[in-house]
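Please consult the sequence and the structure shown below while reading.

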Amino acid sequence: MYFVYGHGGTGKTYIWNTLSTSLRSEGKIVLNVASSGIASLLLPGGKTAHSQFRIPIAVNEDSICNIKQGSHLSELLINTSLIIWDEAPMANKFCFEALDKSLRDIMKVQQADAALRPFGGKVILLGGDFRQIIPVVRKGSREDIVFAAITSSYLWKDCKVFTLTKNMRLLTNATSKDAMRVQEFANWIISIGDGKVDDNHKEAEEITIPDELLLNPTQDPLRCIIDSTYPELLQNIHSACYFQERAILAPTLAIVDEVNEYVLSMLPGDEVCYLSADTVSKQDEIGGALQDIHSPEFLNSLTMSGLPNHEIKLKVGAPIMLMRNINKSIGLCNGTRLIVSKLVRHVIEAEIMTGISKGQKILIPRMTITPSDTSLPFTICRCQFPIMLSFAMTINKSQGQSLTNVGLYLPRPVFTHGQLYVAISRVRSRCGLKILILDEEGKPTNKTNNVVYKEIFNGLT
């Protein structure tokens, strides 16, 4: 069991591709998985870990993978030489423990001592950056979030860590004259991720952003961040290349919705509004009893993570992001960005911005979507297009993506480990990053909070 630890841009994906190609050229089987759909698109033959290993969506310490002895998947795992798992820190430790227990059981067919060996003796190569956002624990405390990380798993004692240090993303296009300046920027990003502003262990440390990265609006702050990130917007509203390289990042979905609505209003053309059909699931006893109690208006008003809004407003030329996996073979998964090319009553035509099918036009249908995690006493079923506008996106959603222009909009501070680091490390160059911070009174400032749970780094050295 190995872990390749490196910050964004150090070439982890290059290593995965090289290892996969080398072993497959020898006729060996390599399974490439990632913790998120958008990250899996960067891997040759990549899938999400949940899909490949049939890991339950809601995992706990007793969870196991839904793999039967003698099935095609179990035979595939028996003959696999290497499993590569990218963006591993994003996944809950129970996901790895579920795979560990399943592989120990499956491999007993070939090796009598498999039950005593981590992952049944299979070689597992994990990768990622613990400075980035770690597993999301709904309403969890700092302790709950740290406890959910793989470094808290019983497996970690068997893991050997390798470290990558050079930021190849920033240095790729840098001249020798700019190398020192680029290195300073890379070091500043790392200091944000390490929380090295001072040596205390406070949950939130206030940091000062360099003036050259700050925006100082004289009037509307929202318009300022939009104009900075999307210059000459109206001349490029039908260009997928224009939108694929830039985005506004914000800490919460409410702020993202506000930005998206504002930018959409700036675009020319007719606005089309799509409404959802919401019902209460009849699959569970509680939902069946409550289906006649809640009005459609109440169900329409519900918003939560992973569920598209009841009302989606679009225009031709607007960038959108998928919220569900539709067709992984052509790169249509959760996080894929597209640009709208046609709007009709029951379907949306859009052009894929990035990935293996860049430039291809596809049709997006309505889907019945249920949230995987909700605090409601019933399960809502929403029939709606699985999309959201993506002029702006949450910092969490941007993890795993690289952009040329990033506008970081902080009308409120980040609130969990790694958010600020992820936001500033998405950009490929220093000149492509602009930050707008507002204080409690809505006035521009150069100070903001950086949340780093330093105990997550224990065991990495």
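## Basis

The model is predicted; local features require pLDDT of at least 70, side-chain atom pairs count only at pLDDT 80 or more, and totals for chains, interfaces and linings use all residues. Residues are numbered from 1 along each chain as its sequence is written, and side-chain values rest on heavy atoms, with hydrogens and water left out.

Strands are DSSP runs (E, at least two residues), numbered from the N terminus. Buried denotes under 20% relative accessible area (1.4 Å probe, protein chains only).

Two strands pair if DSSP finds at least two bridges between them. β1 pairs with β6 (residues 160-164) in the parallel sense over 5 bridges; here Y2 has K160 as its bridge partner. β1 also runs parallel to β5 (residues 124-128), joined by 4 bridges, and V4 is partnered by G127 of β5.

## The β10-β17-β16 sheet

Three strands form an open sheet in the order β10-β17-β16, with antiparallel pairing. β10 (277-280) and β16 (367-369) are the edge strands; each has a single partner strand, so one side of each lacks a neighbour in the sheet.

β16 and β17 (residues 380-384) are linked by 3 antiparallel bridges, with C383 of β17 as the bridge partner of T368.

## Cysteines

The whole structure contains 0 disulfides, a disulfide being a pair of cysteine sulfur atoms within 2.5 Å. The sulfur of C65 lies 8.6 Å from the closest cysteine sulfur, in C95, too far for a bond. C65 is buried, at 4% relative accessible area. For C224, the closest cysteine sulfur is in C431, at 17 Å, again too far for a bond.

Note on methods
Buried < 20%, exposed > 50% of the residue type's maximum accessible area, 1.4 Å probe, protein only.
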